[in-house]
Structures are given as structure tokens and as C-alpha cells.
Amino acid sequence: MSADPCSFSSISSCLTKHLNLSLSVDFGRRTLRGRAALTVEALEDRCSGLTLDTRDLKIVSVSANGQGASFTLGSKHSFKGAPLEIKLPFDISRGQQAIVEVTYETSPSATALQWLTPEQTAGKKHPYLFSQCQAHHCRSMVPCQDSPSVKHTYYAQVSVPKDLVAVMSAVRDGHEMDPQDSDRIIYRFRQPVPMPSYLIAIVVGAIESREIGPRSRVWSEKEFVDQAASEFSETETMLQTAEQLAGPYVWGQYDILVLPPSFPYGGMENPCLTFATPTLLAGDKSLSNVIAHEISHSWTGNLVTNKTWEHFWLNEGHTVYLERMIGRSMESEQFRQFKAMGGWKDLQESVNTFGANSPLTNLVPSLKDVDPDDAFSSVPYEKGFALLYHLEELMGGPEVFMQFVKSYIQMFAYSSVTTDQWKDYLFSYFKEKVDILNKVDWNAWMYTPGMPPVKPQYDTTLADACIVLSQKWVKAKEQDLKDFKESDIANLSSHQLIEFLSLLLQEDPLPLSHVKRMQDLYNFNSYMNSEIRFRWLRLCVRSKWEEMVPTALKMATEQGRLKFTRPLFRQVYTFEKYREEAVRVFQAHRAAMHPVTAGLVAKALKVEQSQSTGL
């Protein structure tokens, strides 16, 4: 039995050490045909079989060291897929390795893959494929031990139509004409650093790249590539800043790929090739936060990985901590404090959405029988950061605590860890301060739902102007609206405007007259920064400004970033008069949405899951 509640794979009897993947991409049928050769090592004296995770895969054949192996596919579980039970034609003993090769084909509804028609791309001429495997979707693309506790290297050969380019979360290793089909090219990749299955990633499309630094290129469709190259110009500076804080960058290349708008996340830390949403290309500073976050994952997440998704905060809390330390180095301590305050509000919003008693607001939730996608929220990010910040204050400040984080990374590099291992290391590292650590209410932090037991006192310098202005709007009567001026926001940065709108979203809805006056003066409708636009549109819909409902639904559907799409749909849905319209627009756009986004929005709108989407 797997020790990972989200996986069927037999990780106690044998472990995957290397994966050699051969894939052929078929846009007509929306499938990958492939061979996955897994080098597995026995952990027990007589290992006679193994179980792999699969989801909606068609298994053609299985062999071990070239001999045919018998296999059965277990019954399908709602989100875990089906276990592939393989009986080896021989036993392997502890420490011995065998190569288990599975020939298979993916389903057109594979949850890891999104197939875009030419119309869904910027160029409108060629189709496009991208993968998103975190948390447990790799099994719909590759039969594997789909648990973050298992780390392995990989090689891949990918055959694609010759006018398209393939990139993966690995170092590019050349390409050549496909010997079986002169209309296709085979791209080769190698990933020499062991990593978990959720970080395997592939993109195939009409993409180009530009160099943006000594170890970095930016990739995207040609319509975006020059803009992206200029927007991501700070990448090398950020990498060097992160190395000074956390130690050497071990992955060689650090490229960024700007995806089409339906990509469900702001970024995804695939090694050697960070995926980024095009909602960042609005000439604003929210870009640098996302890239600082994804760069930080090169250490916390990719190098040191949570052992199961129940310990996801180890990935995300430390990554937010490191991201904000990069912000501190590149901007200021006040800037770090300001971002931390914003994070506390995001946490409050997640706790309100789940409910303060929901076990999914625990820092370490139980995921037995829970779909990890349903558990995804800002809790592991911001409750995790709040704990680390609290410990930083107790242990002697940012320099002292960052040294611990760096030491933790060195200690557990190339492995996967649990919260208990992290905590044991914290206690041994700060052995002179154990009496202080013993006073921390660990149970309240880790295993109790709701907000953390301690609210940090952040420096409000950069937030004060936002707080004052938002309170002025909250308290204003009709006759006071003439006192507001265009110049109110003249000196606020985009970060501060985001904060101003976030503060208003925490209050009761403003009267419609106020919101209209705000638009007359500040012209928020003209802002292209997606973080500002998203909050502004929610504010308008909350105040029942009917003309803004179509604009809010437009933003919800013209990009598919979960962070924006789900709350916008939810906001319109709570406006009774437009509830049916929210559902209608969702149904009309559902087929073009990423499967994860479509599934989660359907739940938010209480729409029946249709069988056809494979969700």
C-alpha cells in the first residue's frame, strides 16, 4: 500500500530511478502515443511486481528487461485514476534494478494535457499542446509512480509535426528529422537532476525564443516573444539574488515559457522551463513577484520536495518566504512587509471561502479521500509564510532565519521531506533556543483550521496610504463624494493600488454611486494590469453595477488563470439577477477551458459535472 494518500503506486517495494520517455504527438486524435521505460530499483529482498499510477491511459503492452510481463489495470477511482499492477517475469532483490517498459496511449481527455485549436492561440494558424501535471495529473500523461516522494532523472524523445517546436522541463539536447516520417521532427531532452513526476512538462506549438540572460531564454508564440523578452529582463538579477540567499542553482538552464491565456496558474516551476501566464504581460510589477516565486521553487519544491501533498506548505510556505527575501534584497524590507500584509489578506479570503472550521485550512491537512485540486488555495502559501515569519521573529530576524532556510535546503537537497523532518531539523539547528521553540503552539499552527494563532505585526509604512484612502471611501456619505480627487492615487504604485482595492473587498459592498464616482476619477476601467483589473471588476459586481457584469465575465473567459477566473464567476453568481448568465457563459466557454479550471468553476457554480469532459 502506498504511504501517499493520492497515489496507488508501490513506493515501499521499489522506486523509479530514471525514466526514458518516447512520445509521438498526434494533434488530430489529441493523444500522445508513447513508451515509458522506467528503471526501477527494488527496496526489498524479493520484489516480484510493482504498481504504477495511471489515469485514462490505454496500456498496449508491458515488458521487463525485454521479457513480456503480465499486467492488470485496476478499477477507476474518481481522481486517483486506475492502478496498473505489473507482475515481473522474474524477482529482483534489494538494490537490483530492472527496466520496466510500458507502451501506451493517452486519452483525449487526459487531465494533464490541454490541446488548443489554432483559434485558441495568438497565431491562429497552428494547434498547441501544453501539460500541467501538478499535483496528481502526470499519471494521465505517463504511467509512473506519481508521488512527490519519488524522484528520478529523465530523458525524452518527442516526435512532432515539423512546423512545430517541442520544449520540456529539461535541458534541450538537439533534434533531427523523424526517420519514420519526414514531415515530423524528433526533439530530445535530458534532465540529469532527480525530480518528482509532477515536474515533468511538455509544450508543443509554433513557438520561438529570445535570449534574456547567460542561462535564460524566453519562449512563446512569436506574437508575444519580444514583449516577453523585455518584460523578463530582470531574470538573471533575480537568479543571482536567489543564489546569494539559498545556494547554487543546480538546474543549469532557467528558461521562461509564456503560455496561451487558458493556462490555469500564474506560473508553474517546471525545472529549466518555468511556465508563465500571459496575464503577466501588462507592463506591471506583479510579473516580478511571480517570477521571483517560480525561481525560488528551484530550491524549495524542486530541490527539496514535499513528501506528499499533505505537506504542500513545505514547498509553498518556504517559496513565498524566499520570494519575499528576494523582494527585500531587490527593493526593501518595507516592500517585503507590505507583500506579507497582502498575503495575510489572501489567507483570510481563503479561510472565509472554505470556512474557518474546514480541515482544508489546516497547514497540514489530511488528504485521505480528498482530491488535491479541491484542497488548492493560498493556505499552504500564506499560512506557511506566516509560520516562518513568526519563527524568524522568535529566532533573531531575517538574516538569522534565512541561514536556517539555506541550511535546511542543503540538508534535504535532492530528497522529499515531511513536516516532522522539517521540524526536527529546525529544533536541531536552533538547539540553543529550544526553550523558545517549545513555547510555539505547534498544534494550533499545523493541525487546527482557520487563521493562525499569532497575527504578525507587519510594518504598515507602504500600506498606510492605502488604508487611509480605502477607509475614506468606506465612510463617505453621498455628499462627501465631491471631496475625492483624481490625484488621490497619483503617488500610489501598482502594488499599492492592488492593496487599496483588496482592502475595499474586505469591507461591505460600497454603494453603487461610490463605485461609479471612483471610475470617473481613477478610471480603473482603463487599467490593463490584471491584478488591479480583477479586483476592480469584483468590486463593481459586488456593488451591483450591472453594466460591468459582461466585462467581469469577459475577463473570466478571455484568460483561464484560476486565481482570476473562479472568483470572477463566483462573484457574478452571487449577484442573483445574473446567476443564470454566469452559468450560461461558463457553459459556452467550458470546452475551451483547461480541464482543472473547468472542473473547479463547475463546482463553484454548482453545475453538474458532465461526463464528456473526463472530469
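Here are a few friendly notes on one strand and several salt bridges in this predicted model.

1. Let's start with strand β15, residues 202–205. Ile-202 and Val-204 point to one side, Val-203 and Gly-205 to the other, and all are buried. In a regular strand, side chains alternate between the two faces of the sheet.

2. Now for the partners of β15. Strand β12 (residues 165–168) runs antiparallel to β15 and pairs with it over 4 bridges; here Met-168 stands opposite Ile-202. Strand β10 (residues 128–131) is also antiparallel to β15, joined by 2 bridges, and Leu-129 has Val-204 as its bridge partner.

3. On to charged pairs: the whole structure holds 34 salt bridges. One of them joins Arg-94 to Asp-45, with the closest N and O atoms 3.5 Å apart. Arg-94 sits in the loop between β7 and β8 and Asp-45 in the loop between β2 and β3, so the pair ties together parts 49 residues apart in sequence. Arg-94 is exposed, at 56% relative accessibility.

4. Do have a look at Arg-336 and Glu-392, whose closest N and O atoms are 2.8 Å apart in a salt bridge. The pair links helix α5 (residues 333–354) with helix α7 (residues 379–395), 56 residues apart. Arg-336 is buried at 2%, and Glu-392 is buried at 3%.

5. Finally, Glu-546 forms a salt bridge with Lys-577, at 3.0 Å between the closest N and O atoms. Glu-546 lies in the loop between α15 and α16, and Lys-577 in the loop between α17 and α18, so this pair connects parts 31 residues apart in sequence. Glu-546 is partly exposed at 32%, while Lys-577 is exposed at 58%.

Terms used:
Residues numbered from 1 in each chain as written. Predicted model: local features only at pLDDT ≥ 70, side-chain atom pairs only at ≥ 80, totals over all residues. Heavy atoms only, no water. Buried < 20%, exposed > 50% of the residue type's maximum accessible area, 1.4 Å probe, protein only. Pairing = 2+ DSSP bridges. Salt bridge = Lys/Arg side-chain N within 4 Å of Asp/Glu carboxyl O.
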